[in-house]
Amino acid sequence: ILDDPDLKDIDPTVLKHCHAAAATCILEAGKQRADISAISTCLEDCKLDKERIEQFCTEYQKNKDALEILLGSIGRSPLHITDVSWRLEYQIKNNQLHKTYQPSYLVTLNVENSDSGSHPDVSFSCTMEQLQDLVGKLKDAAKSLERATQM
Amino acid sequence: KLNIGFDTIQHGIEGLVYLLTESSKLMISEVDFQDSIRVLGFSDELNKSLLQLYLDNRKEIRSILGELAPRLPSYHSLEWRLDVQLASRSLRQQIKPAVTMKLRLNQNEDPTAQVLQTDPATLLHLIQQLEQALGEMKMNHCRRIARNMK
């Protein structure tokens, strides 16, 4: 904003105040999920004229969804799983034991941290029975999600 | 009681241990085992006892050796729960469903538990991917390899 040619005649301090005020207003409106009439009323109390209020509200309405998504994504949560990779392997031997002939799965859960954005993925090995157990439990969770959405 | 020197007994035990672990590790057949110990020049009775000792303990020795191999943490169990986030410091009036899970793994006999979360869409994706993984084992390719490797 400080580099905008249209605004170069205005005192930078005033500009900063305006920007901060506008940002605060927008964020607070977004946080409270205020509707247009509430925002209008608030701006009227601040003695803004009708035209400016209308302009502000139109712009706000255009960006409301994006704003809410952004606000909703701020906050702490446990590590979030974003994807899974798997590998099926058949072990033949290792240096301690030959002729092992054991199939096994290697599963990696790709994980994202809301703070730093990266985190070592969670990897583990399992047998077919264990993987069936895991998938069974995930399906239970999905079923109960479905039931919850129907309530 | 046996009237033999300490060293001899120690060597004897080490020899037995080596014989049994190597045989178990390689999973050699009865015939191969008998042929191998024949060169030691023991009596037939002793050879028979050794063979029996091998056969009786082979499975257990192999399972102990199996635990020495390099391993990743292995799956133990999963607990889950359904959460709905209703509000946060930065946004009120939300309805954000999530599945929170506790994944229990075993790393070299040490149990670990990790708390993870995912959204409904990713959950369905996980299920689909892992079901595909399970399906692979039933495919002809895997079955053929398993059969031919033995």
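## The annotated span of chain B

In this predicted model, the end C-alpha atoms of residues 74–141 of chain B lie 25 Å apart, and the span is made up of 31% helix and 49% strand.

Strand β1 of chain B runs over residues 74–85 and contains Ser77(B). Is Ser77(B) buried or exposed? Its relative accessibility is 16%, and because buried residues are those under 20% relative accessible area, Ser77(B) counts as buried.

The side chain of Ser77(B) makes a polar contact with the side chain of His76(B), at 3.3 Å. When the neighbours within four places in sequence are left aside, Ser77(B) is in contact with Lys102(B), Leu103(B) and Arg104(B) in chain B, and also with Lys137(A) in chain A.

## Where the two chains meet

The contact between Ser77(B) and Lys137(A) belongs to a meeting of the chains in which 55 residues of chain B are in contact with 56 residues of chain A. The size of an interface is often expressed as the accessible area that is lost when the parts come together. For chain B and chain A, about 5200 Å² is buried between them, with 69% of this area on carbon and sulfur atoms. On the chain B side, the residues that lose the most area to chain A are Tyr75(B), Leu130(B) and Leu134(B), which together account for 14% of what that side buries.

## The domains of chain A

The domain assignment of chain A gives two stretches, with domain 1 covering residues 12–74 and domain 2 covering residues 81–150. The C-alpha centres of these two domains of chain A lie 45 Å apart.

## Cysteines and the question of disulfides

A disulfide is a covalent bond that joins the sulfur atoms of two cysteines. How many disulfides are there over all chains? With a cut-off of 2.5 Å between the sulfur atoms, the count comes to zero.

Two cysteines of chain A illustrate the reasoning behind such a count. The closest cysteine sulfur to that of Cys25(A) belongs to Cys42(A), and because the two sulfurs are 5.5 Å apart, they are too far from each other for a bond. For Cys57(A), the closest cysteine sulfur is in Cys25(A), at 8.9 Å, which is again too far for a bond.

Notes: Residues numbered from 1 in each chain as written. Chains lettered and ligands numbered in written order. Predicted model: local features only at pLDDT ≥ 70, side-chain atom pairs only at ≥ 80, totals over all residues. Heavy atoms only, no water. Helix = DSSP H or I, 4+ residues; strand = E, 2+ residues; numbered from the N terminus. Buried < 20%, exposed > 50% of the residue type's maximum accessible area, 1.4 Å probe, protein only. Polar contact = N/O pair within 3.5 Å; in protein donor to acceptor, adjacent residues only side chain to side chain. Contact = heavy atoms within 4.5 Å. Domains from an automatic or database assignment. Buried area = accessible area lost by both parts, 1.4 Å probe.
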